[in-house]
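Thanks for coming. Please look at the sequence and the model on the screen, and I will go through them briefly.

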Amino acid sequence: MPHRLLSDELFVILAAVFGALTSALLAKTLSWSQKATILLSGAGFAVCVGPAICEYMGITSPYTIGAILYFGGVLGNLLLIKILAWATQTDLIQTIIDTYRGKKP
């Protein structure tokens, strides 16, 4: 086994945080406080959901897990940013009411 400077646990946590940081910094329309919130939510998504996906798929390599967590942080944040943009541009309550009544949006 090759020598690593970081423990496996720290490695995967840093991968998740850097993935979330990457997409948070790429969001040009958000304020710094919103970017900080996105960073925390993306890192949380990657740390909580990423390992579950790896366990389900039988992935055990710390490097592969780190890569999945990095991309989980990036994609989780990009998805959240798109949802936030959509939610601010639409009337959510009216959309829910129209859907409930069977009207097409």
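By contact I mean heavy atoms within 4.5 Å. Counting contacts in the protein chain with a separation of 6 or more, 70% are between residues 24 or more positions apart. This is a predicted model, in which local features need pLDDT of at least 70, side-chain atom pairs count only at pLDDT 80 or more, and totals for chains, interfaces and linings use all residues. Residues are numbered from 1 along each chain as its sequence is written, and side-chain values use heavy atoms, with hydrogens and water left out.

The protein chain has four helices and zero strands; these are DSSP runs, H or I of at least four residues for helices and E of at least two for strands, numbered from the N terminus. Of its 105 residues, 26% are buried, meaning under 20% relative accessible area, with exposed over 50% and partly exposed in between, using a 1.4 Å probe and protein chains only.

Now helix H2, residues 32–57. What lies at Val 49 in H2? A kink of about 30 degrees, shortly before the proline Pro 51. That bend is the angle between axes fitted to the seven residues ending there and the seven starting there. The buried residues of H2 include Lys 35, Ile 38 and Cys 54. After H2 comes Gly 58, with a positive phi near 75 degrees.

Last, the rings. The whole structure holds one aromatic pair. Tyr 70 and Phe 71 have ring centres 5.5 Å apart and planes at 80 degrees, so the pair is edge-to-face. Rings of Phe, Tyr and Trp (its six-membered ring) pair with centres within 6.5 Å; planes under 30 degrees apart are stacked, over 60 edge-to-face, the rest tilted. Tyr 70 is partly exposed, at 28% relative accessibility.
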